[in-house]
Amino acid sequence: MSANVVQLHPAGREVKVQLDAAALQQGRDFIAALEAQWDQRLQALKQFAEQ
């Protein structure tokens, strides 16, 4: 699977690297959503354990 975040462009003996800002933002958004889900689950577990 590829996130298409990095694009490589051969230029003779060099390879130019280009980052896709939109793809990086999608990755950040995805991770932020997972983080929020885990925060909610851990908070619920903490409340259950403290009862």
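The radius of gyration here is taken over C-alpha atoms, and the globule rule is 2.2 Å times the number of residues to the power 0.38.

**Entry 1: ground rules.** I am working with a predicted model, where local features need pLDDT of at least 70, side-chain atom pairs count only at pLDDT 80 or more, and totals for chains, interfaces and linings use all residues. Residues are numbered from 1 along each chain as its sequence is written, and side-chain values use heavy atoms, with hydrogens and water left out.

**Entry 2: overall shape.** I looked up the radius of gyration and found 19 Å for the chain, whereas a compact globule of 51 residues would have one near 10 Å. The C-alpha trace spans about 65 × 15 × 15 Å along its principal axes. I then checked burial (buried is under 20% relative accessible area, exposed over 50%, partly exposed in between, with a 1.4 Å probe and protein chains only). Of the 51 residues, 2% count as buried. The chain exposes about 4,900 Å², and carbon and sulfur atoms supply 57% of that area; such areas come from the Shrake-Rupley method with a 1.4 Å probe, and for residues only the protein chains shown count as cover.

**Entry 3: elements.** I counted one helix and two strands, in the order β-β-α from the N terminus. Helices (H or I, at least four residues) and strands (E, at least two) are DSSP runs, numbered from the N terminus. In strand E1, residues 6-11, I picked out His9, which is partly exposed at a relative accessible area of 35%. From His9 to Asp29 I get 27 Å, C-alpha to C-alpha, for 20 residues of sequence.

**Entry 4: helix H1.** The 30 residues should span 44 Å, and the end C-alpha atoms are 43 Å apart, which agrees. At the start of H1, a side-chain oxygen of Asp20 comes within 3.0 Å of the backbone nitrogen of Ala22. Arg28, also in H1, is partly exposed at 47%, and its side chain makes a polar contact with that of Gln25 at 3.0 Å. A polar contact is a pair of N or O atoms within 3.5 Å; within protein, one must be able to donate a hydrogen and the other to accept it, and residues adjacent in sequence count only if both atoms are side-chain atoms.

**Entry 5: one more distance.** Arg28 and Ala44 are 16 residues apart in sequence and 24 Å apart in space, C-alpha to C-alpha. Leu34 lies in H1, residues 21-50, and is partly exposed at 34% relative accessibility.

Methods: The expected span of a helix is 1.5 Å times one less than its number of residues.
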